[in-house]
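Hi,

Here is the structure I promised to pass on.

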Amino acid sequence: MELNSDFKKRVVVHSEQMEWLASPMPGVERRMLDRIGGEVARATSIVRYAPGSKFSEHTHTGGEEFIVLDGVFQDEHGDFPEGTYVRNPPTTAHTPGSEHGCTIFVKLWQFDMEDRNQFRKTMADGLAAPKGGVAIAELHRDDREIVTYNQLDAGVTLENTDAGGIEMLVIAGSVTESGERLEKGGWIRLPEGQHLKATVGPEGAKLWIKTGHLPFAKPPLVG
């Protein structure tokens, strides 16, 4: 399967307007944002766990990165409440689920295969003092990418000129980019060479942003 797999094109998805699709596990549904591959895929998705649902134990051969959008995600390593950022690099394993239900934004098979840096953090804990209505927390940085959490006041214009492509998820509030309004669940991916210029709506905005990573995009090693 290929979905939004041309990384040289601008892509915008309004995920809240999409239907939920069943996954192989009962009670777990997803909205696919981009994908290369079958059930083993380089994928970016919104995933919803119904109360009491879970996946069987599995190893993340290509790594897993996610943020908890609502509810509490759980595995044998603990509880991960709304606002948690998690990196599970290649070779890590767990049994994910949710007692009361949750929704996560997740990226699979997008790690350096030598990465072994596993961690979790509360995104808002690292916010720097606001400057010009913008507060930013750096969640992760390496030679391939920079990942940040951003809280912005109403009316602010956020500009990002990082090389290597830009990806943004609207966690809350709204922004307008190139004349297109993105509300909660709005996701945009800009190819290398295009810059982000987003103006925040009247309710402010909370954004997850990743930059620098698109030159490394490739299919998973298997199926």
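**Salt bridges and who is buried**

E145 is buried, with a relative accessible area of 5%. Keep in mind that this is a predicted model, so every value below is computed from it. The partner of E145 is R87: the two form a salt bridge, with the closest N and O atoms 3.0 Å apart. E145 sits in the loop between β15 (134-141) and β16 (146-152) while R87 belongs to strand β10 (residues 84-88), so this pair ties together parts that are 58 residues apart in sequence. R87 is buried too, at a relative accessible area of 1%.

- R42 and D34 are bridged, with 3.8 Å between the closest N and O atoms. R42 is buried at 4% relative accessible area, and D34 counts as buried at 2%.
- E183 and R181 are bridged as well, with their closest N and O atoms 2.9 Å apart. Here E183 counts as partly exposed, at 45% relative accessibility, and so does R181, at 38%.

**The nonpolar cores**

Which residues have the most contacts inside the largest nonpolar core? They are I67, Y85, F105, L169, I171 and W208, in a core of 19 residues. The elements that give two or more residues to this core are β2, β8 (64-75), β15, β16 and β18. Apart from it lies another core, of 17 residues, with I166, V170, L182 and I188 among them.

Leaving aside neighbours within four places in sequence, its contacts include L33, I46, I67, L169, W187 and W208.

**Aromatic rings**

There are seven aromatic pairs by count. In one of them, the rings of Y85 and F119 have their centres 6.0 Å apart and their planes at 55 degrees, so the pair is tilted. That pair links distant parts of the chain, with Y85 in strand β10 and F119 in strand β14 (residues 119-122), 34 residues apart. Y85 is buried, with a relative accessible area of 0%, and F119 is buried at 18%.

F105 and W208 make an edge-to-face pair, 4.9 Å centre to centre with 65 degrees between the planes. This one also joins distant parts of the chain: F105 is in strand β13 (residues 102-108) and W208 in strand β21 (residues 196-211), 103 residues apart. Both F105 and W208 are buried.

Elsewhere, ring pairs link Y49, F55, F66, F73 and F80 into a cluster. The charged end of R120 sits over the ring of F80, 4.1 Å from its centre.

N4 is not a glycine, but its phi is positive, near 50 degrees. N4 is found in the loop between β1 (2-3) and β2 (11-14), and at 28% relative accessibility it counts as partly exposed. S178, also not a glycine, has a positive phi of about 55 degrees. Is S178 buried or exposed? S178 is exposed, with a relative accessible area of 59%, and its place is in the loop between β18 (166-177) and β19 (180-182).

Cheers

Methods: Residues numbered from 1 in each chain as written. Predicted model: local features only at pLDDT ≥ 70, side-chain atom pairs only at ≥ 80, totals over all residues. Heavy atoms only, no water. Salt bridge = Lys/Arg side-chain N within 4 Å of Asp/Glu carboxyl O. Buried < 20%, exposed > 50% of the residue type's maximum accessible area, 1.4 Å probe, protein only. Helix = DSSP H or I, 4+ residues; strand = E, 2+ residues; numbered from the N terminus. Core = buried A, V, L, I, M, F, W, Y, C linked by side-chain atoms within 4.5 Å. Contact = heavy atoms within 4.5 Å. Phe/Tyr/Trp six-rings, centres within 6.5 Å; stacked < 30°, edge-to-face > 60°. Lys NZ or Arg CZ within 6 Å of the ring centre and 35° of its normal.
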